[in-house]
Amino acid sequence: MSDAKIKVLVAEDEVNLGQILSNFLAGRGCAVRTVTDGRAAIDALRAEAYDVALLDIVMPELDGLEVLKQVRTEADPPEVIIITGNGTIETAISAMKLGAYDYMAKPYRMAEIDVLVRRAWEKRRLARENVLLHSQLDRAGGALEIETQYAPLKAVLEMITRVAPSDSPVLITGESGTGKELVAHMVHRLSGRTGPFVDVGCASLAEGMLESELFGHERGAFPGAEERKLGLMELAAGGTLFLDGIAELSPKLQGKLLRALDQLSFYRVGGTQKVEVDVRILAATNRDLAACVAEGTFRDDLYYRINTIAIELPALRDRVVDVPLLAKQFLRQFSRANPPALAPDAVELLARYPWPGNVRELRNVMERAVLLARGPQIHAGDLPLHPPAPGATDRASTPAISLAELERRHIESVLHETSWHQGRAASTLGISSKTLYRKIREYGFRRPGGVE
């Protein structure tokens, strides 16, 4: 893991003092820029994101307090430390009321500056991470650990513990609902990186929005861009950026992402100032990226760049041994106290069912079973599943059927039962509406009446 540099702006009208301060902080591992007047400080802070700004209170053009006042109105402003040679209590109070992190009077010791800068940076880092964590908890509702008795998946988990501490990109593949996001969280947690985990759903954002979300934009970059916005890659500095559904990126964005990964820098939309980041990339997809490369829809150089470490997750139908284990785990999660037990007929049905929606579908089934349970036990009849036909699992007497055909039949059955309400059908299947739409086209289903 590599530590992210603290980005510091020094605004000091005494050129020699500013240079001394800049050299000292650079020697302490900071990335420092120095300006000599208030107007230049404003321009620098609007052109690039800084963690900490050291502002002399007496400067040409604009004084330190006016710079502070304007900076606090910007999106994601830096922590500001005000410095003056003839400070008074009134000045200090004014600076703190305007939102300064702290206040120092000249002459000061360099060791004091070092401590203040690091404390200010830590406050800003924690505040940004707290916002991201709250939004992720709201979406995820808490994360579960991965439990398994399936030997191949145990081997995958062991590999994750070995590769997580590195900075190498990881490509996580598997069908929808197999737990790719859970694995990404696990890699980040075990990596030791101090920055946040930031996720972006590549398939959920329109082409025009995705570039701005990923790289951010400057004020006036396009109609409606009234303020500068930091992109998710910049917010993930020092941490992990998880690109879910990376196969959905357009060729143009694939090229920009490749350059950002190679150079560890990028430009915001409408910007001319290069933004440098230290971020680890995790990517996930339910598609065969090698096939996408062969078809020309995914760049081969980006594929090789993100495929340094490959993790493939098995489908739930391949890890039948885990179905009762996971079902009981979800029952405990949704019932909180005194979870109902699974009757033998329910366990048998769960084991026979093909689970096209994988673990996500099992989770949804168990949540519904808990809500509708009429007693201390859940029976097969309480589960919103359609068991395979009698004898369907007897391979000696029944011709083999492909997994794709099983999936096709199940999706077709659910569509008919929901009267082709694709939102309810996707929920029942435990897959996204976009995935269901793709499956409908893939299998050539037609809505009754001839409309797809």
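This is a predicted model: local features need pLDDT of at least 70, side-chain atom pairs count only at pLDDT 80 or more; totals for chains, interfaces and linings use all residues.
Residues are numbered from 1 along each chain as its sequence is written, and side-chain values use heavy atoms, with hydrogens and water left out.

**Exercise 1: the overview**

Find how many helices and strands the protein has, and what percentage of its residues is buried.

- Step 1: Helices (H or I, at least four residues) and strands (E, at least two) are DSSP runs, numbered from the N terminus. The protein has 18 helices and 16 strands.
- Step 2: Buried means under 20% relative accessible area, exposed over 50%, and partly exposed in between (1.4 Å probe, protein chains only). Of the 452 residues, 45% are buried.
- Step 3: Contact means heavy atoms within 4.5 Å. Take the contacts with a separation of 6 or more: 72% of them come from residues 24 or more positions apart.

**Exercise 2: strand 1**

Work out where strand 1 sits and which strands pair with it.

- Step 1: Strand 1 covers residues 7-11, and five of the five are buried, so it is largely enclosed by the rest of the structure.
- Step 2: In a regular strand, side chains alternate between the two faces of the sheet. Here Lys-7, Leu-9 and Ala-11 point one way, while Val-8 and Val-10 point the other way.
- Step 3: Two strands pair if DSSP finds at least two bridges between them. Strand 1 runs parallel to strand 2 (residues 31-35), with five bridges joining them, and Leu-9 stands opposite Arg-33.
- Step 4: To get from strand 1 to strand 2, the chain goes through helix 1 (residues 15-27), and this β-α-β crossover is right-handed. That label applies if, with the strands pointing away from the viewer, the path from the first strand over the helix to the second runs clockwise.
- Step 5: Strand 3 (residues 52-56) also pairs with strand 1 in the parallel sense, over four bridges. Ala-11 stands opposite Leu-55 there.

**Exercise 3: helix 6**

- Step 1: The buried residues of helix 6 are Leu-153, Val-156, Leu-157, Ile-160 and Val-163.
- Step 2: An α-helix has 3.6 residues a turn, so residues three or four places apart point the same way.
- Step 3: The buried residues of helix 6 pack against helix 7 (180-191), strand 13 (280-285) and strand 14 (309-312). Exposed Ala-151 and Arg-162 are on the face turned away from the buried side.

**Exercise 4: a loop residue**

Is Ile-57 buried or exposed, and which residues is it in contact with?

- Step 1: Ile-57 is in the loop between strand 3 and helix 3 (64-71).
- Step 2: Its relative accessible area is 9%, so Ile-57 is buried.
- Step 3: Leaving aside neighbours within four places in sequence, Ile-57 is in contact with residues including Asp-63, Ile-82 and Thr-91.
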